[in-house]
Amino acid sequence: MTSPVTPSPVTSRRSGDIAVVIIDNPPVNALGHKVRAGLATELAALEADATVAAVVLACAGRTFVAGADITEFGKPLEPPGLHEVIAQIGRMTKPVVAAIHGTALGGGLELALGCHYRVAVATAQFGLPEVKLGILPGAGGTQRLPRVLGVIPALEIMTTGDFIGADKALAGGLIQRILPDLDQAAVDFAREIAAARPLPLIEASDGKLAEARANPGLIDEFARSIARRSRGFRAPGAIIDCVKAALAKPFADGLAYERERFMELVQSPESAAQRYAFFAEREAGKVPGLPSDTPVRPIRRAAVIGAGTMGGGIAMNFANAGIPVTLIETGAEALERGLKTIRANYEATAKRGGITPADAEARFARITGSLKLEDAAEADIVTEAVFEEMGLKKDLFGKLDRIVRADAILATNTSTLDVNEIAAATSRPERVLGTHYFSPANVMKLLEIVRGTATAPDVLATAMAMARKLKKVPVVVGVCYGFVGNRMLHRRASQVESLLLEGASPAELDQALLDFGFPMGPCAMADLAGIDVGWRIRQGLGIRDEVSDRLYEAGRLGQKTGAGFFRYEPGNRAPIPDPAVDAIIAAAAAAKGIDRRSIPQDEILARLLYPMVNEAAHILEEGIASRASDIDIVWFYGYGWPVYRGGPMYWADHIGLETIRAGLQKMTDRLSDARLKPAPLLARLAAEGRGFLGPKA
Ligand code: TC6
């Protein structure tokens, strides 16, 4: 009996004297061990075959190689390494042509860069997105790309992880030709260059490095320009170091340096967290109980009710995705104001070079203002973004129910109200759900999709597909006050208040979270959102915050009035500590008889973050979130949680749930605040020595 042999994911076929090597490793042709081994074997055979004049390297399925197999990182490397396969191509005596469709990413692009020629179809895209996984292109990318495109364009691509299209790749010399197809045309190209010698290898020429050597300050200037967005991340700095090495060292030494830095990053906790985040995001797209073949209805036309800040931003999302949208308001003045803001937004983006002026115009043209609810009649989805008041929303949904088609979806952007109650105001609760956007709605990537008890599977699936079309990251959540993100945020906000009263300053609180990696601290954030916003919510709930309410009463409404928790110079958003606020806090503390003390930063951090983790445990236990990793995604994309720390759940697992439980118990006892009592799920997992994400994160 013969043992079953799994077929190699790498095969080749012949077209006369041209050999076509095909990588077939679904879903994205990642360069796992079998692919690397298959390539090494196949290329060696073709090199030895005198009847082969040239080799085309192509991929089956939807894309060229989209990178190394990320699941293999952190495990011992099974030879051959990708760098060895690429070196093997470099030693070949016949040309190898990479034929690219879909996305050539990471190790995939590095493989192509190691070939003698690169051709692609017009829709192909190219990128080195390793930085998003906390690593760097470790198979020659940092040494070859600057030689082809020039140092600064290469650094842009490697430090952002952004893709470029075939046109740009052709103009920069990254590919030699755009072809109509990769079957015959790629073979024809290979035949055309088969006899050309010497074989062109990127490393053989210094290419565009000379330009950068003549201007040595360029790289440091670039490093300064990305300092803000790369704060806390290790990979961007290492990428810059590697490019410096490309300038200073011979190619082989540059490669060795790159390898060393790659190994250092791939073993770092930051990269482990970022790789976790990559898979967590993909996991969030799979909704438990929602089969992947659930029918999805096309969204051809949308309507948004309410032309305020949220409504306007939501309408822009549809317009940006090419979906015509009717923006409906009750008063002409409010509508005019909303449309004016949208136009100004588009013009500002065009001015910054984000889109062309013609594109800005085309996007704006997809938004039609209206004062009649009846104009929502043709929409496939209507999104309500009116004032946060149940009566108003129920009345509106009742009316919409009578206006829109029977199969249309009715979505509410409520951030606090009961989606089931809103749905019950219609005759079609199964076609109602929440789509909770984050402000600014046209920028923030998170979309909490709130599944009502009656929401039909096809409605949920359609909302998920729509979110992706709008370039959002959707996370399905259940109905409760504040859903996942804001419900946790409220826990943090109440600690902000207590910490201020107990002795911390707004600047100290903000610094603790800035140092942790958040882009902004809670006090500066409140100033940006408006102190009046929180005040209004508390009024609705009938609760009082000692400090924030005093700020409101003093007319300190945040950035817009030049003063809130901090003061602001005109035209400058930098928060400046204000003794007047210290006095307000001191008075509030005195009124409550609190003896203020200085609070160390680690205590501040624990006080701000542990209660959030605790609330998340309740959220998980109640089934509001289906998995711990979904909660992490909410925090990455909705609140700027530093991805290199892996989200609140991942972070908690790494701190140790017993540490968090014990910390919360201490807080509960000391502050006599029952809301801080360790959640049953947290206590149980801690007792069992487990984490939210399983035995080990
Ligand atoms: C690198 O190359 C380093 C080199 C140095 C060498 C020394 N590995 O995103 P989708 C899976 S680092 C393993 O939903 P899309 C993914 O998990 C790498 N698996 O599809 C999902 O699996 P599921 C540099 C991978 O069409 C399925 O494929 N490359 C990998 O929306 C479909 O993925 C990157 O960082 C992988 N490399 O987008 C590119 N990639 O179905 C990472 C995907 O079981 N990938 N999977 O859930 C992407 O950006 C996108 O996947 C995409 C396709 C644009 C290729």
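# A walk through the model

Start by selecting glycine 593, which is exposed, with a relative accessible area of 64% (exposed means over 50%, buried under 20%, partly exposed in between, with a 1.4 Å probe and protein chains only). This is a predicted model, in which local features need pLDDT of at least 70 and side-chain atom pairs pLDDT 80 or more, while totals for chains, interfaces and linings use all residues. Residues are numbered from 1 along each chain as its sequence is written, and side-chain values use heavy atoms, without hydrogens or water.

Glycine 593 sits in the loop between helix 24 (579-591) and helix 25 (601-621) (helices are DSSP runs of H or I with at least four residues, strands runs of E with at least two, numbered from the N terminus).

**Next stop: the ligand**

Zoom in on the backbone here. A polar backbone atom of alanine 66 is 2.9 Å from a ligand nitrogen, one of alanine 68 is 2.7 Å from a ligand oxygen, and a backbone N or O atom of isoleucine 70 is 3.0 Å from a ligand nitrogen (polar contacts pair N or O atoms within 3.5 Å). The protein buries 73% of the 1,000 Å² that the ligand exposes when taken alone (areas by the Shrake-Rupley method, 1.4 Å probe).

**Two residues inside**

Move to threonine 462 in helix 18 (residues 457-469). Is threonine 462 buried or exposed? It is buried, at 1% relative accessible area. Beyond its neighbours within four places in sequence, threonine 462 is in contact with Pro295, Val296, Arg297, Ile299 and Ile409 (contact means heavy atoms within 4.5 Å).

Then pick leucine 657, in helix 28 (residues 657-671), which is buried at 3%. Alanine 686 is 29 residues away in sequence, yet the C-alpha atoms are 4.9 Å apart. Leucine 657 also touches Leu682, Leu685 and Phe692, among others.

**Backbone details**

Most residues other than glycine have a negative phi, and most peptide bonds are trans. Here are some exceptions to find.

- Proline 26 to proline 27: a cis peptide bond, omega near 5°; proline 27 lies in the loop between strand 2 (18-23) and helix 1 (33-48).
- Arginine 197 to proline 198: also cis, omega near 0°, with proline 198 in the loop between helix 7 (184-193) and helix 8 (209-213).
- Lysine 471: a positive phi of about 60°, in the loop between helix 18 and strand 17 (473-477), and exposed at 65%.
- Phenylalanine 483: a positive phi near 50°, in the loop between strand 17 and helix 19 (485-502), and buried at 0%.

**Last stop: cysteines**

Select cysteine 242, buried at 0%, and cysteine 480, buried at 14%. How many disulfides does the model have? The count is zero, where a disulfide is a pair of cysteine sulfur atoms within 2.5 Å.

Definitions and conventions. Polar contact = N/O pair within 3.5 Å; in protein donor to acceptor, adjacent residues only side chain to side chain.
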